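I opened a new page for this chain today. My plan is to go from the whole fold down to single residues.

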Amino acid sequence: MTQHCGFVAIVGRPNVGKSTLMNRILGQKISITSRRPQTTRHQVMGIKTEEDTQFIYVDTPGMHIQTRDRNKAINRFMNQAATHALRDIDCVIFIVDRTKWTEEDDVVLEKLSNVPAPVILAVNKVDWLEDKSSLLPWLDSVSKKREFAAVVPLSAKNGTNVPELEAEVAQRLPESVHYFSEDQVTNKSQRFLASELVREKVMRQLGDELPYQMTVEIEEFKDDGKTLHISALILVERSGQKKILIGDQGERIKNIGREARLEMERAFDAKVMLNLWVKVKRGWSDDNRALKSLGYDLD
């Protein structure tokens with residue numbers, strides 16, 4: 001039986017549903033999600049093997065224009081991580097949000113102009129369109145922006161047309177042996193996923209109050225055979241942010257910890273003891289050396 005295997009970059013501007021799409025395709029949560037832009041900060045690989053075909057999806061940070069308030073080292077890292085994912089790729093899924101084409105979509109389109117791999121345009125959140133009749137003429141106009149291998153309207157959240165997208169991708173994967181075992185679903189460690197789940201719960205609780213000035217570092221990840229003991233350090237940049245994160249009488253940090261622990265127990269299928277700490281580390285998001293020490297490293 002001839003095997004097929006290839007790398008598929010999922011790209012787009014912030015908040016168009018890239019991580020939601022990958023999680024839907026895999027049938028489990030690999031990338032964290034929230035309604036806030038730039039939730040994804042790293043390349044996250046999701047692996048799906050179906051008989052003779054292995055799909056290696058690469059979820060990427062949203063490509064964005066670096067304005068004055070979005071020009072920190074962390075922003076530059078995210079744009080570099082997204083661009084880096086386009087190297088040696090076999091297929092690209094370019095996601096846009098319904099019939100809203102923005103300047104940042106043009107940024108992504110420009111990045112794709114030198115990519116030799118076929119590009120599939122995925123028009124997400126079509127279930128949200130109030131006027132469904134506007135979709136076809138918009139698809140016709142956007143198809144003229146470049147030669148797309150296919151255009152697929154879909155809903156990553158409820159799964160509409162996602163199998164059709166997967167079928168389009170499968171047609172474009174090269175003949176190759178599989179790079180990963182059949183049961184592997186990501187290249188990321190449980191330690192990494194634990195830090196991301198804590199960060200997701202913080203973002204969902206706090207939203208715009210801590211857009212970029214927060215990250216999570218796992219200080220302990222120990223399995224005693226019965227329980228996973230995890231200690232996570234939440235880093236912020238100012239003492240005021242620490243107070244916001246902890247909340248009145250510690251209620252907010254307790255809620256974050258409870259939600260993160262329950263999510264980890266589902267993800268790891270194990271009992272979890274989670275301890276959270278908050279620390280002020282001034283300027284970490286605009287310090288290349290600090291970013292590298294915290295795992296923001298393309299290598």
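**Entry 1: the whole chain**

What percentage of the 299 residues of the chain count as buried? I looked it up: the share is 51%. I note that this is a predicted model.

Next I checked the secondary structure. I found nine helices and nine strands.

Then I turned to overall dimensions. Along the principal axes, the C-alpha atoms fill a box of roughly 55 × 45 × 40 Å. The radius of gyration is 20 Å. A compact globule with 299 residues would have a value near 19 Å, so the chain agrees with that.

**Entry 2: surface and charge**

I looked up the accessible surface of the chain, which comes to about 14700 Å². Carbon and sulfur atoms hold 45% of that area.

For charge, I have 44 positive and 44 negative. Their mean positions are 8 Å apart.

**Entry 3: helix α3**

Which of its residues are buried? My list reads E104, D105, V108, L109 and L112. Seen down the axis of α3, these buried residues fall within an arc of 150°, so they line one face of the helix. On the face turned away from the buried side I noted the exposed residues E103 and E110.

What do the buried residues of α3 pack against? I found three strands listed: β1 (4-11), β4 (91-97) and β5 (119-124).

**Entry 4: D105**

Leaving aside neighbours within four places in sequence, I listed its contacts as R13, F94, V96 and K100.

**Entry 5: A156**

Where is A156 found? I located it in the loop between β6 (150-153) and α5 (162-170).

I then wrote down what A156 touches, not counting residues up to four places away in sequence. The list is G17, T20, L21, R24, N124 and V162.

A156 and I25 are 131 residues apart in sequence. In space, their C-alpha atoms are 8.5 Å apart.

Key. Residues are numbered from 1 along each chain as its sequence is written. This is a predicted model: local features need pLDDT of at least 70, side-chain atom pairs count only at pLDDT 80 or more; totals for chains, interfaces and linings use all residues. Side-chain values use heavy atoms; hydrogens and water are left out. Helices (H or I, at least four residues) and strands (E, at least two) are DSSP runs, numbered from the N terminus. The radius of gyration is taken over C-alpha atoms; the globule rule is 2.2 Å times the number of residues to the power 0.38. Buried means under 20% relative accessible area, exposed over 50%, partly exposed in between (1.4 Å probe, protein chains only). Accessible areas come from the Shrake-Rupley method with a 1.4 Å probe; for residues, only the protein chains shown count as cover. Lys and Arg count as positive and Asp and Glu as negative; His and the chain ends are not counted. The place of a charge is taken as NZ of Lys, CZ of Arg, CG of Asp or CD of Glu. The arc is that of the directions from the helix axis to the C-beta atoms. Contact means heavy atoms within 4.5 Å.
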